[in-house]
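These are my notebook entries on a structure that I consulted. I record what I looked up, topic by topic.

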Amino acid sequence: MGKEFSITPQPTSHIETKFRRIVTPLPHPDSVATIETLRQLEPISMRGQPPLVWDRAEDFSVFDKYGNRWIDWSSGVLVANAGHSAPEVKRAIIDQVNSGLIYNYVFPSEERAQLVQYLAKLAPKDLQKIFLLTTGAEAIECAIKLSRAHGIQVGGKKKIGIVGFERGFHGRTLGSQQAGGIAGQKSWIVNEDPAIINAPFPDGYWQTDTSFNTFLNAIERRGLSAENIAGIVMETYQGVGPDFAPVQYVHALAEWCKKNKVVLVFDEVQAGFGRTGKFWAFEHYGVTPDLICCGKGISSSLPLSAVIGRKEILDHFPPGSMTSTQTGNVVCCAAALAGVKKIVDDDLVGNAARLESLLIEGLKEIQRKHPSVIGHVTARGLVGGLQTVKAGRKEANPDLAHEIIKRCFHKGLLMFAPVGAWGQTVKIGPPLTIPREALEEGLAVLSEAVDEAVAASASANSKDSSDLARKAFSTPVGVPA
């Protein structure tokens, strides 16, 4: 995890297509000073993305200052569902700034009222309370707080347990990382809350036993029972894949939560707002959670998130005791209302659904060509992933994922750095506005990049083996190698 891309300009092949243009070394030599300034003044943790200084982003394309253009398969980080710089969103932001109101804390505003009213129409009928925040992690922290408060209310102080899932990701704050299931991201915590635990996530690949008993056994192993559990926090699909749980598993989980007065939280931060070919990703399961945490695609631009849920849960705290400094900032609300309306009015959910078969078949074709190193492929709507493994083994290969993304970058296809519990996943998440022709071109580029990366890896491994053999052969008997 966290491997850096070189910022030394590399020569590239000239590319000129309808959707891509690469005409300079990458990164462009004139952009290196900007990257070096950021490296000098920002923490090391901010490094790791392909070294592209964005100049502008429009629809499904990203441009630099130097004549290069990429097909964007990142959406930033699954934010630009309505497309980058959507005209409707830009207009809403400009109009709001020009109105003379750009901040008002939690004093009432028409902008906030309009957004929550529209979101309520899109939410399930039993989830009609909406709390606007700024980031996905903040929404998750709020959901944990609400779940515990509800647990104490219905079951006393023993009912405070929170169950997340192995390999899950919910953010980088204290509570969100404890609920998440990536062990390497929790080492700094040390004294983890013993009432926040992880159960196996039934993805069917890394966790082959997908029965609901794995969940029950995980609770029992920690010496807990249903009376100790306040909430379940589950990504609707695990972003490290994307990986969905079996429908029957989620139905069993929802029934268990209902029976035991446990709050069911679906993390839709990257899954919501049409990403999977349904407006809410939990629609694929046919169940309704008690709380929805959402963000990213809610605005397709500015920082905004939300917790949407049942009245009896969200109304737990008295006036003034659950607010946030930037709660429903009016400019962000204006952007979000325009962005969500565009997703609905332009049927971008439908576009994602229609392109799903093209995406999954393209990924499976790549896997068929390289079955020994592409261990698992998944896609739903316009989110997909290739999980790379070491040849013939079920062991993550983050170096191969990194090399694939680097080669795509040099060919005019932009993705963010590898994700996953071990950095093994090449993640695909274009804006929902992308047309079929551009998706097809992107798949062709990805296939070519995988071919080249796999060949380069095999060549390097062969050279290493030859060097070891030569060294062993040339070492006199009895002399240490």
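The entries below begin with conventions and continue with the sheet, a surface patch, one histidine and the salt bridges.

**Conventions.** I worked with a predicted model, in which local features need pLDDT of at least 70 and side-chain atom pairs count only at pLDDT 80 or more, while totals for chains, interfaces and linings use all residues. Residues are numbered from 1 along each chain as its sequence is written, and side-chain values use heavy atoms, with hydrogens and water left out.

I looked up the strand order and found an open sheet of seven strands, 6-12-11-10-9-7-8, with mixed pairing. Strands (E, at least two residues) and helices (H or I, at least four) are DSSP runs, numbered from the N terminus; two strands pair if DSSP finds at least two bridges between them. Strand 6 (129-133) and strand 8 (196-199) each have a single partner strand, so one side of each lacks a neighbour in the sheet. I noted that strand 7 (residues 161-165) runs parallel to strand 8 and is joined to it by four bridges. In this pair, Ile 162 stands opposite Ile 196. Helix 8 (residues 247-259) packs on the sheet and touches strand 7, strand 9 (229-235) and strand 10 (263-267); contact means heavy atoms within 4.5 Å.

**Tyr 105.** I located Tyr 105 in the loop between helix 3 (87-99) and helix 4 (110-122).

**His 376.** I found His 376 in strand 13 (residues 374-380). His 376 is buried, at 15% relative accessible area. Leaving aside residues up to four places away in sequence, His 376 touches Tyr 205, Asp 243, Gln 367, Gly 385, Leu 386 and Gln 387.

**Salt bridges.** I recorded 27 salt bridges in the structure, each defined as a side-chain nitrogen of Lys or Arg within 4 Å of a carboxyl oxygen of Asp or Glu. One of them joins Asp 290 and Arg 310 (2.6 Å, N to O). This pair links distant parts of the chain, 20 residues apart. Asp 290 is buried at 14% relative accessibility, and Arg 310 is buried at 19%. I also looked up Lys 342 and Asp 346, whose side chains meet at 2.8 Å, N to O. Here Lys 342 is buried (12%), whereas Asp 346 is partly exposed (39%). Finally, I noted a salt-bridge network that links Glu 403, Lys 406, Arg 407, Lys 411, Glu 448 and Glu 452.

Key:
Axes are lines fitted to C-alpha atoms, for helices over the stretch in contact, and angles run from 0 to 180 degrees between N-to-C directions. Buried means under 20% relative accessible area, exposed over 50%, partly exposed in between (1.4 Å probe, protein chains only).
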